[in-house]
Amino acid sequence: MIWRDRKRTFLGLPWSFTVYELDEERLYIKTGFLNQKEDEVRLYRIMDVSLSRSLGQRIVGVGTIHCASADKTLGDFDIKSIKKPKEIKEKLSELVEAQRDKKRVTNREYMVDHDDDMDDNEDDLI
């Protein structure tokens, strides 16, 4: 494991049953006490990573990382209230890029060329 932490609750203390673990290929999210659930997402499926920190989170030194994912079962998810969120976000981004390069996965973003749409509309008017 490269990193492991718990979701922080009151005053940034790890009093929850949500555990996050990160290795070189996957991110694991384990939740629950009596009824436990374990999700995993392969890092190459993560498309975008962002960090948010409320005032209360900044005071106690935690933050939340939002991950936009192409994973079918998990979808977009949050790594909530963790210590050293900026460092973890950077590490996660590096590992995601490394896995995407290793697996030769590309992120295809669709861009609309509005000039072509206008040209089509001009032809309709003539």
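**Ground rules.** I number residues from 1 along each chain as its sequence is written, and side-chain values use heavy atoms, with hydrogens and water left out. The model is predicted, so local features need pLDDT of at least 70 and side-chain atom pairs count only at pLDDT 80 or more, while totals for chains, interfaces and linings use all residues.

**Entry 1: the sheet.** I looked up the strand order first. Helices (H or I, at least four residues) and strands (E, at least two) are DSSP runs, numbered from the N terminus. Two strands pair if DSSP finds at least two bridges between them. I found an open sheet of three strands in the order β5-β6-β7, with antiparallel pairing. β5 (46–52) and β7 (77–83) stand at the edges with a single partner strand each, so one side of each has no neighbour in the sheet. The twist averages 20° from one strand to the next. Angles here run from 0 to 180 degrees between N-to-C directions, with axes as lines fitted to C-alpha atoms, for helices over the stretch in contact.

β6 (residues 62–69) pairs with β7 over five bridges, in the antiparallel sense. I noted Val62 opposite Lys83 in β7. Helix α2 (residues 85–103) lies across β5, β6 and β7 and runs at about 170° to β5.

**Entry 2: Trp3.** Buried means under 20% relative accessible area, exposed over 50%, and partly exposed in between (1.4 Å probe, protein chains only). Trp3 lies in strand β1. I then listed its contacts, meaning heavy atoms within 4.5 Å. Leaving aside neighbours within four places in sequence, Trp3 contacts Tyr20, Glu21, Leu22, Leu27, Ile79, Ile82 and Ile88.

**Entry 3: Gln57.** Gln57 sits in helix α1 (residues 55–60). At 14% relative accessibility, Gln57 is buried. Beyond residues up to four places away in sequence, Gln57 touches Ser52, Val62, Gly63, Thr64 and Ser81.

**Entry 4: positive phi.** Lys84 is not a glycine, yet its phi is positive, near 50°. I placed Lys84 in the loop between β7 and α2. Arg104, also not a glycine, has a positive phi of about 55°. Arg104 is in the loop between α2 and α3 (114–125) and is exposed at 76% relative accessibility.

**Entry 5: salt bridges.** I took a salt bridge as a side-chain nitrogen of Lys or Arg within 4 Å of a carboxyl oxygen of Asp or Glu. The structure holds seven. In one of them, Arg8 meets Asp5, with the closest N and O atoms 2.7 Å apart. Arg8 is buried at 13% relative accessible area, and Asp5 is buried at 8%.

Glu21 and Lys30 form another, at 3.2 Å from N to O. Glu21 is buried at 8%, whereas Lys30 is partly exposed at 28%. Arg4, Glu21 and Lys30 are linked in a network of salt bridges. I also noted Lys37 with Asp39, at 3.8 Å from N to O.
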